[in-house]
Amino acid sequence: MEITCTHCQKKIQIPDEKVPENKPFSLRCPGCKNRISVDPAASADPAADAGFEDAEAGSVDEADEFAVSGEDYDASEKPFDFLEEEGRTAMLLENDAGIVSQAQKVLEVMDYHVTVPEDVRDALRKMKYHQFDLILLNETFDSSSPDANGVLIYLQRMTMDTRRQIFVALLTERYDTMDRMAAFLKSVNVVIHVKDISQLDRILARAINENELFYAVFKESAKKLGQY
């Protein structure tokens, strides 16, 4: 299936087997990172197809990173090519298999589609193709030092408009749960001590709600100005 981003006009090809049959879905544009809503039924409209062909006439685009002709498709690198409307995604980065299992269950109950990278390189590759709604990261994940965690450094270097759209929870043994100063210093939304993992659902629910309330006025103002 081939679609065009309504924001930046980038052309995206998605393998047919990845498209839900007769159901609307959404995905992040790999170019501008905005969410695109797609209705397969509407896309089948001949008039819509004609309009798409007219837009393509006389133009030659560079090979799209989703296109088979440009880059071999690897589902492991692009875990969420499409989502049902309002679908939310989470990335879980933890070394302990027990914590991974427990945390994944919590996130799935919270209606997140969860992916669990094998290491930092795998995580960064997935983040290249998808902007996650939530990232749960142990500061020692695939790292010899909690202060040299590749994923945390990558998040800290993000532009603010992109970083603001991602809720980051840091698992740690150094700071107390909900330590606001520690969260500020590490540039994350909430800090969670590993000993409190059994209360992960309540901690995340509270922290996410507080974050949404904190940014509510800002986001509403940005929407009115067409910036969000």
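Trainee: Which does E139 count as, buried or exposed?

Mentor: E139 counts as buried, because its relative accessibility is 2% (buried is under 20% relative accessible area, exposed over 50%, partly exposed in between, with a 1.4 Å probe and protein chains only). The model is predicted, with pLDDT of at least 70 needed for local features and 80 or more for side-chain atom pairs, while totals for chains, interfaces and linings use all residues. Residues are numbered from 1 along each chain as its sequence is written, and side-chain values use heavy atoms, without hydrogens or water.

Start with the position. E139 sits in the loop between β8 (134–138) and α5 (150–156) (helices, H or I, have at least four residues and strands, E, at least two, as DSSP runs numbered from the N terminus). Setting aside neighbours within four places in sequence, the contacts of E139 are S145, P146, N149, L170, L171, T172, E173, R174, Y175 and K186 (contact is heavy atoms within 4.5 Å).

R174 and E139 form a salt bridge, with 3.0 Å between the closest N and O atoms (a Lys or Arg side-chain nitrogen within 4 Å of an Asp or Glu carboxyl oxygen). R174 is in the loop between β9 (167–172) and α7, whereas E139 is in the loop between β8 and α5, so this pair ties together parts 35 residues apart in sequence.

The two ends of that bridge can be set side by side. R174 is partly exposed, with a relative accessible area of 38%, whereas E139 is buried at 2% relative accessibility.

R174 has a further partner: its side chain meets that of D147 in a salt bridge of 3.1 Å, N to O. This pair also links distant parts of the chain, with R174 in the loop between β9 and α7 and D147 in the loop between β8 and α5, 27 residues apart.

E210 pairs with R180, and their closest N and O atoms are 3.4 Å apart. E210 belongs to helix α8 (residues 200–224) and R180 to helix α7, so the bridge ties together parts 30 residues apart in sequence. E210 is partly exposed, with a relative accessible area of 27%, while R180 counts as exposed at 57% relative accessibility. In total, 8 salt bridges are counted.

The largest nonpolar core has 24 residues, and Y112, L134, L136, F167, I192, L200 and L204 touch the most other members (a core is buried Ala, Val, Leu, Ile, Met, Phe, Trp, Tyr and Cys joined through side-chain atoms within 4.5 Å). Among the elements that each supply at least two residues to this core are β8, β9 and α8. L134, leaving out residues up to four places away in sequence, touches T89, A90, M91, L107, Y112, F167 and I208. A second, separate core has 20 residues, including M91, M127, I166 and A182.
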